[in-house]
Amino acid sequence: MTDADVTEPASQHSDAEAPVPYRSGFVVVVGRPNVGKSTLINALIGTQIAIASSRPETTRKAIRGILTTDNAQIVMVDTPGIHRPRTLLGQRLNDVVDESLSDVDAIAFLLPADQEIGPGDKRILSRLRSDFAVKRDDGTFKWKVPLIAIVTKIDELDRSALIDKLIEINEFADFTDIVPVSALEHDNLAEVRNVLVENMPEGPQMYPAEQITEERPEDTIAELIRGAFLEELDDELPHSLAVVVDSIEYPEDNDSGESYAGKAQVIVSIYVERDSQKPIIIGHNAEHLVRVKKKLRTAVNRIVGQKAKLDLHVKVAKGWQSDPKQLEKLGF
(Lines give C-alpha, C1' and ligand atoms only; values in the text may rest on other atoms or scores of the structure.)
Protein backbone atom coordinates (compact mmCIF):
# COMPACT_ATOMS: atom_id res chain seq x y z
CA MET A 1 0.00 0.00 0.00
CA THR A 2 1.49 3.40 -0.96
CA ASP A 3 1.25 6.70 0.90
CA ALA A 4 -1.16 7.96 -1.77
CA ASP A 5 -3.50 5.04 -1.03
CA VAL A 6 -3.61 6.10 2.60
CA THR A 7 -3.93 9.89 2.23
CA GLU A 8 -6.46 10.05 -0.64
CA PRO A 9 -9.53 8.98 1.35
CA ALA A 10 -8.56 11.35 4.20
CA SER A 11 -8.56 14.38 1.87
CA GLN A 12 -11.90 13.34 0.39
CA HIS A 13 -13.29 13.06 3.92
CA SER A 14 -12.14 16.57 4.86
CA ASP A 15 -13.77 18.02 1.71
CA ALA A 16 -17.05 16.37 2.62
CA GLU A 17 -17.02 17.99 6.06
CA ALA A 18 -15.99 21.51 5.03
CA PRO A 19 -17.15 23.87 7.79
CA VAL A 20 -20.37 25.80 7.20
CA PRO A 21 -19.49 29.53 7.18
CA TYR A 22 -20.86 31.54 10.11
CA ARG A 23 -23.27 34.26 9.00
CA SER A 24 -24.40 37.36 10.85
CA GLY A 25 -26.15 40.63 10.11
CA PHE A 26 -29.10 42.95 10.58
CA VAL A 27 -32.57 42.39 9.13
CA VAL A 28 -35.06 45.25 9.27
CA VAL A 29 -38.71 44.19 9.39
CA VAL A 30 -41.00 46.62 7.57
CA GLY A 31 -44.66 46.72 6.66
CA ARG A 32 -47.87 48.62 7.21
CA PRO A 33 -49.16 48.93 10.77
CA ASN A 34 -50.69 45.72 12.14
CA VAL A 35 -49.30 43.21 9.60
CA GLY A 36 -47.69 40.97 12.22
CA LYS A 37 -44.13 42.32 12.52
CA SER A 38 -43.90 41.96 16.31
CA THR A 39 -45.69 38.59 16.29
CA LEU A 40 -43.20 37.21 13.75
CA ILE A 41 -40.13 38.44 15.64
CA ASN A 42 -41.43 37.10 18.96
CA ALA A 43 -42.12 33.71 17.31
CA LEU A 44 -38.65 33.54 15.74
CA ILE A 45 -36.86 34.54 18.95
CA GLY A 46 -39.07 32.21 21.00
CA THR A 47 -40.19 34.75 23.61
CA GLN A 48 -41.97 38.09 23.76
CA ILE A 49 -39.63 41.01 23.23
CA ALA A 50 -42.03 43.24 21.27
CA ILE A 51 -45.69 44.06 21.86
CA ALA A 52 -47.99 42.08 19.59
CA SER A 53 -51.47 43.59 19.45
CA SER A 54 -54.38 43.83 17.05
CA ARG A 55 -54.30 47.63 17.48
CA PRO A 56 -52.44 49.43 14.66
CA GLU A 57 -49.27 51.40 15.42
CA THR A 58 -48.49 49.43 18.58
CA THR A 59 -44.69 49.39 18.17
CA ARG A 60 -43.12 52.75 18.96
CA LYS A 61 -39.41 51.94 19.00
CA ALA A 62 -36.93 50.06 16.86
CA ILE A 63 -36.73 46.99 19.08
CA ARG A 64 -33.86 44.66 18.28
CA GLY A 65 -34.40 40.94 18.75
CA ILE A 66 -31.36 38.67 18.53
CA LEU A 67 -31.78 35.23 16.94
CA THR A 68 -28.80 32.92 17.42
CA THR A 69 -28.48 29.49 15.78
CA ASP A 70 -25.52 27.08 15.54
CA ASN A 71 -24.20 28.78 12.41
CA ALA A 72 -25.68 32.27 12.40
CA GLN A 73 -26.76 35.30 14.39
CA ILE A 74 -29.45 37.63 13.06
CA VAL A 75 -30.37 40.93 14.68
CA MET A 76 -33.99 41.64 13.78
CA VAL A 77 -35.15 45.24 14.00
CA ASP A 78 -38.89 45.59 14.61
CA THR A 79 -39.90 49.00 13.29
CA PRO A 80 -43.02 51.04 13.89
CA GLY A 81 -45.36 50.64 10.89
CA ILE A 82 -44.71 53.22 8.19
CA HIS A 83 -47.72 55.53 8.02
CA ARG A 84 -48.74 59.11 7.30
CA PRO A 85 -47.99 60.96 10.55
CA ARG A 86 -50.84 62.85 12.25
CA THR A 87 -48.84 64.07 15.25
CA LEU A 88 -45.26 64.92 16.15
CA LEU A 89 -45.08 61.44 17.71
CA GLY A 90 -46.13 59.96 14.35
CA GLN A 91 -43.33 61.87 12.63
CA ARG A 92 -40.84 60.67 15.26
CA LEU A 93 -41.97 57.07 14.64
CA ASN A 94 -41.30 57.50 10.92
CA ASP A 95 -37.87 58.92 11.81
CA VAL A 96 -37.24 55.72 13.82
CA VAL A 97 -37.91 53.72 10.64
CA ASP A 98 -35.48 55.92 8.68
CA GLU A 99 -32.79 55.29 11.27
CA SER A 100 -33.48 51.54 11.29
CA LEU A 101 -33.14 51.35 7.52
CA SER A 102 -29.82 53.21 7.42
CA ASP A 103 -27.52 50.20 7.72
CA VAL A 104 -29.05 46.76 7.13
CA ASP A 105 -28.00 43.53 5.43
CA ALA A 106 -31.49 42.46 4.35
CA ILE A 107 -35.08 43.70 4.40
CA ALA A 108 -38.07 41.57 5.41
CA PHE A 109 -41.17 43.17 3.87
CA LEU A 110 -44.29 41.79 5.56
CA LEU A 111 -47.46 41.51 3.50
CA PRO A 112 -50.60 39.96 5.07
CA ALA A 113 -52.17 37.15 3.04
CA ASP A 114 -55.69 38.16 4.08
CA GLN A 115 -55.50 41.78 2.83
CA GLU A 116 -55.19 43.46 -0.54
CA ILE A 117 -51.91 45.09 -1.53
CA GLY A 118 -52.79 48.73 -0.89
CA PRO A 119 -51.44 52.29 -1.07
CA GLY A 120 -49.50 51.81 2.18
CA ASP A 121 -47.59 48.84 0.70
CA LYS A 122 -46.88 50.79 -2.49
CA ARG A 123 -45.60 53.74 -0.47
CA ILE A 124 -43.23 51.46 1.48
CA LEU A 125 -41.98 49.81 -1.73
CA SER A 126 -41.33 53.21 -3.29
CA ARG A 127 -39.37 54.30 -0.25
CA LEU A 128 -37.32 51.09 -0.20
CA ARG A 129 -36.53 51.50 -3.90
CA SER A 130 -35.24 55.03 -3.34
CA ASP A 131 -32.95 53.83 -0.52
CA PHE A 132 -31.90 50.36 -1.63
CA ALA A 133 -32.34 49.91 -5.37
CA VAL A 134 -30.92 51.09 -8.67
CA LYS A 135 -33.23 51.42 -11.64
CA ARG A 136 -32.07 49.51 -14.71
CA ASP A 137 -32.49 50.76 -18.30
CA ASP A 138 -35.45 48.39 -18.82
CA GLY A 139 -37.33 49.93 -15.84
CA THR A 140 -36.74 47.03 -13.43
CA PHE A 141 -34.89 47.48 -10.15
CA LYS A 142 -31.63 45.95 -8.94
CA TRP A 143 -31.59 45.65 -5.15
CA LYS A 144 -28.44 46.49 -3.18
CA VAL A 145 -29.52 44.18 -0.32
CA PRO A 146 -31.85 41.15 -0.40
CA LEU A 147 -35.55 42.07 -0.28
CA ILE A 148 -37.54 39.17 1.19
CA ALA A 149 -41.33 39.11 1.09
CA ILE A 150 -42.78 37.40 4.14
CA VAL A 151 -46.45 36.64 3.56
CA THR A 152 -48.07 36.60 7.00
CA LYS A 153 -51.37 35.26 8.33
CA ILE A 154 -51.54 32.37 5.80
CA ASP A 155 -53.82 30.48 8.21
CA GLU A 156 -56.59 32.87 7.05
CA LEU A 157 -56.59 31.47 3.45
CA ASP A 158 -57.22 28.11 1.81
CA ARG A 159 -54.56 26.64 -0.49
CA SER A 160 -56.03 27.97 -3.74
CA ALA A 161 -56.44 31.53 -2.44
CA LEU A 162 -52.90 31.44 -1.00
CA ILE A 163 -51.43 30.45 -4.39
CA ASP A 164 -53.25 33.39 -6.01
CA LYS A 165 -51.91 35.72 -3.30
CA LEU A 166 -48.33 34.51 -3.78
CA ILE A 167 -48.60 35.12 -7.55
CA GLU A 168 -49.92 38.64 -6.88
CA ILE A 169 -47.04 39.39 -4.47
CA ASN A 170 -44.50 38.01 -6.93
CA GLU A 171 -45.77 40.51 -9.51
CA PHE A 172 -45.82 43.38 -6.99
CA ALA A 173 -42.01 43.65 -6.72
CA ASP A 174 -38.82 41.89 -7.73
CA PHE A 175 -38.35 40.05 -4.42
CA THR A 176 -35.21 38.01 -3.70
CA ASP A 177 -37.40 35.41 -2.03
CA ILE A 178 -41.05 34.96 -0.97
CA VAL A 179 -41.88 32.99 2.17
CA PRO A 180 -45.43 32.32 3.44
CA VAL A 181 -45.82 32.00 7.23
CA SER A 182 -48.31 31.93 10.07
CA ALA A 183 -46.37 33.14 13.12
CA LEU A 184 -49.44 32.67 15.29
CA GLU A 185 -49.75 29.00 14.30
CA HIS A 186 -45.94 28.54 14.08
CA ASP A 187 -46.44 27.31 10.50
CA ASN A 188 -43.33 27.53 8.26
CA LEU A 189 -41.27 29.46 10.85
CA ALA A 190 -38.22 27.24 10.23
CA GLU A 191 -38.29 28.15 6.54
CA VAL A 192 -38.41 31.88 7.36
CA ARG A 193 -35.40 31.39 9.65
CA ASN A 194 -33.48 29.47 6.96
CA VAL A 195 -34.17 32.07 4.26
CA LEU A 196 -33.04 34.91 6.53
CA VAL A 197 -29.83 33.04 7.43
CA GLU A 198 -29.08 32.29 3.75
CA ASN A 199 -29.34 36.00 2.95
CA MET A 200 -26.92 37.13 5.66
CA PRO A 201 -23.29 37.89 4.81
CA GLU A 202 -20.51 35.82 6.36
CA GLY A 203 -19.52 37.42 9.63
CA PRO A 204 -18.77 36.87 13.34
CA GLN A 205 -21.15 36.36 16.24
CA MET A 206 -21.91 39.86 17.59
CA TYR A 207 -23.70 39.12 20.87
CA PRO A 208 -23.52 36.37 23.53
CA ALA A 209 -25.64 33.38 22.48
CA GLU A 210 -28.01 33.80 25.43
CA GLN A 211 -28.77 37.49 24.71
CA ILE A 212 -32.13 37.93 22.95
CA THR A 213 -32.56 41.70 22.84
CA GLU A 214 -30.64 44.98 22.87
CA GLU A 215 -33.30 46.62 25.03
CA ARG A 216 -32.47 47.76 28.57
CA PRO A 217 -34.49 45.97 31.29
CA GLU A 218 -36.35 49.26 31.96
CA ASP A 219 -37.43 49.53 28.32
CA THR A 220 -38.49 45.88 28.10
CA ILE A 221 -40.61 46.17 31.26
CA ALA A 222 -42.17 49.44 30.04
CA GLU A 223 -43.15 47.79 26.74
CA LEU A 224 -44.60 44.75 28.54
CA ILE A 225 -46.73 47.02 30.74
CA ARG A 226 -47.99 48.99 27.74
CA GLY A 227 -48.79 45.73 25.96
CA ALA A 228 -50.66 44.42 28.99
CA PHE A 229 -52.83 47.55 29.08
CA LEU A 230 -53.52 47.19 25.35
CA GLU A 231 -54.91 43.72 26.03
CA GLU A 232 -56.66 44.64 29.28
CA LEU A 233 -58.54 47.66 27.94
CA ASP A 234 -58.78 46.95 24.21
CA ASP A 235 -60.96 49.66 22.59
CA GLU A 236 -61.21 51.76 25.77
CA LEU A 237 -57.48 52.42 25.91
CA PRO A 238 -56.37 55.89 24.85
CA HIS A 239 -53.79 55.62 22.08
CA SER A 240 -51.89 58.34 23.93
CA LEU A 241 -50.72 55.93 26.66
CA ALA A 242 -46.98 56.07 27.39
CA VAL A 243 -45.07 54.05 29.99
CA VAL A 244 -41.71 54.91 31.58
CA VAL A 245 -39.85 52.80 34.16
CA ASP A 246 -38.37 55.51 36.39
CA SER A 247 -36.14 53.17 38.39
CA ILE A 248 -35.48 49.61 39.52
CA GLU A 249 -34.49 49.67 43.19
CA TYR A 250 -32.81 46.56 44.59
CA PRO A 251 -32.97 45.90 48.34
CA GLU A 252 -29.70 46.86 49.99
CA ASP A 253 -28.39 47.91 53.38
CA ASN A 254 -28.26 51.72 53.68
CA ASP A 255 -24.94 51.69 55.57
CA SER A 256 -22.94 48.94 53.85
CA GLY A 257 -24.63 49.07 50.44
CA GLU A 258 -24.77 45.27 50.43
CA SER A 259 -27.82 43.64 48.88
CA TYR A 260 -30.08 41.39 50.91
CA ALA A 261 -33.03 39.10 50.28
CA GLY A 262 -36.22 40.96 49.46
CA LYS A 263 -38.25 42.28 46.55
CA ALA A 264 -36.89 44.76 44.02
CA GLN A 265 -39.11 47.82 43.54
CA VAL A 266 -39.91 48.71 39.92
CA ILE A 267 -41.17 52.31 39.94
CA VAL A 268 -43.31 53.00 36.86
CA SER A 269 -45.02 56.15 35.52
CA ILE A 270 -47.98 55.65 33.18
CA TYR A 271 -48.84 58.78 31.21
CA VAL A 272 -52.10 59.79 29.53
CA GLU A 273 -52.97 63.09 27.84
CA ARG A 274 -56.13 64.09 29.76
CA ASP A 275 -57.43 63.88 33.33
CA SER A 276 -60.53 62.06 32.06
CA GLN A 277 -58.31 59.18 30.85
CA LYS A 278 -56.85 58.37 34.29
CA PRO A 279 -59.91 56.44 35.57
CA ILE A 280 -59.90 54.36 32.36
CA ILE A 281 -56.37 53.17 33.11
CA ILE A 282 -56.88 52.67 36.85
CA GLY A 283 -60.31 50.98 36.70
CA HIS A 284 -62.90 50.48 39.43
CA ASN A 285 -61.11 49.83 42.75
CA ALA A 286 -57.82 49.89 40.76
CA GLU A 287 -58.84 46.59 39.09
CA HIS A 288 -56.88 47.26 35.89
CA LEU A 289 -53.66 48.05 37.75
CA VAL A 290 -54.08 44.93 39.89
CA ARG A 291 -54.67 42.66 36.88
CA VAL A 292 -51.70 44.06 34.92
CA LYS A 293 -49.40 43.57 37.94
CA LYS A 294 -50.60 39.99 38.39
CA LYS A 295 -50.23 39.17 34.70
CA LEU A 296 -46.66 40.50 34.48
CA ARG A 297 -45.34 39.22 37.82
CA THR A 298 -43.39 36.26 36.40
CA ALA A 299 -42.04 38.15 33.36
CA VAL A 300 -40.84 41.10 35.46
CA ASN A 301 -39.22 38.78 38.04
CA ARG A 302 -37.31 37.08 35.21
CA ILE A 303 -36.12 40.38 33.71
CA VAL A 304 -35.07 41.83 37.06
CA GLY A 305 -33.43 38.56 38.16
CA GLN A 306 -35.32 38.26 41.46
CA LYS A 307 -38.78 38.76 42.96
CA ALA A 308 -40.02 42.25 42.17
CA LYS A 309 -42.93 44.51 42.97
CA LEU A 310 -44.45 46.76 40.30
CA ASP A 311 -45.26 50.21 41.68
CA LEU A 312 -47.56 51.85 39.08
CA HIS A 313 -48.40 55.58 39.08
CA VAL A 314 -50.84 57.04 36.53
CA LYS A 315 -50.00 60.63 35.56
CA VAL A 316 -51.24 63.25 33.07
CA ALA A 317 -48.88 64.80 30.49
CA LYS A 318 -51.22 67.09 28.59
CA GLY A 319 -50.93 66.79 24.78
CA TRP A 320 -47.63 64.91 25.00
CA GLN A 321 -47.90 63.43 21.48
CA SER A 322 -47.39 66.88 19.94
CA ASP A 323 -45.11 68.45 22.56
CA PRO A 324 -41.36 68.19 21.75
CA LYS A 325 -40.29 68.56 25.41
CA GLN A 326 -42.72 65.92 26.63
CA LEU A 327 -41.73 63.55 23.81
CA GLU A 328 -38.08 63.96 24.82
CA LYS A 329 -38.94 63.22 28.46
CA LEU A 330 -40.88 60.10 27.44
CA GLY A 331 -37.99 58.78 25.34
CA PHE A 332 -39.14 59.63 21.80
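I take helices (H or I, at least four residues) and strands (E, at least two) as DSSP runs, numbered from the N terminus. I note that residues are numbered from 1 along each chain as its sequence is written. I also note that this is a predicted model, where local features need pLDDT of at least 70, side-chain atom pairs count only at pLDDT 80 or more, and totals for chains, interfaces and linings use all residues, while side-chain values use heavy atoms, with hydrogens and water left out.

**Entry: backbone angles**

I looked up Asn188 in the loop between strand 8 (177-180) and helix 6 (189-198), and found that its phi is positive, about 75°, although Asn188 is not a glycine. For background, I wrote down that most residues other than glycine have a negative phi. Asn188 has 31% relative accessibility and therefore counts as partly exposed, given that buried means under 20% relative accessible area, exposed over 50%, and partly exposed in between (1.4 Å probe, protein chains only).

I then turned to Lys153, in the loop between strand 7 (147-152) and helix 5 (159-172). The phi of Lys153 is also a positive value in a residue other than glycine, near 60°, and Lys153 is partly exposed with a relative accessible area of 24%.

**Entry: helix 7**

The 17 residues should span 24 Å, and the end C-alpha atoms are 24 Å apart, which agrees. I also noted that helix 7 is mostly covered, since 13 of its 17 residues are buried.

Within helix 7 I found Arg226 and Glu223, three residues apart, about one turn of the helix. Their side chains meet in a salt bridge (3.4 Å, N to O), the term being used for a side-chain nitrogen of Lys or Arg within 4 Å of a carboxyl oxygen of Asp or Glu. Arg226 counts as buried at 5% relative accessibility, and Glu223 is buried with a relative accessible area of 9%. As a general point, an α-helix has 3.6 residues a turn, so residues three or four places apart point the same way.

**Entry: other salt bridges**

I recorded a count of five salt bridges by this rule. One of them joins the side chains of Asp121 and Arg32 (2.9 Å, N to O). Asp121 lies in helix 4 and Arg32 in the loop between strand 1 (23-30) and helix 2 (37-45), so the pair ties together parts that are 89 residues apart in sequence. Both Asp121 and Arg32 are buried.

I also looked up Lys318, which forms a salt bridge with Asp275, the closest N and O atoms being 3.3 Å apart. Lys318 lies in the loop between strand 11 (308-316) and helix 10 (324-329) and Asp275 in the loop between strand 10 and helix 8 (278-282), so this pair ties together parts that are 43 residues apart in sequence. Lys318 counts as exposed, at 55% relative accessibility.

**Entry: charged patches**

I searched for patches, which are made of residues with over 30% relative accessible area and no salt bridge, like charges being joined within 9 Å and nonpolar side chains (Val, Leu, Ile, Met, Phe, Trp, Tyr) within 5 Å. On the surface, Asp114, Asp155, Glu156, Glu185 and Asp187 gather in a patch of negative charge.

Definitions and conventions. Expected span 1.5 Å × (residues − 1). Areas by Shrake-Rupley, 256 points an atom, 1.4 Å probe, with all protein chains shown as cover. Lys, Arg positive; Asp, Glu negative; His and termini not counted. Charge placed at Lys NZ, Arg CZ, Asp CG, Glu CD.
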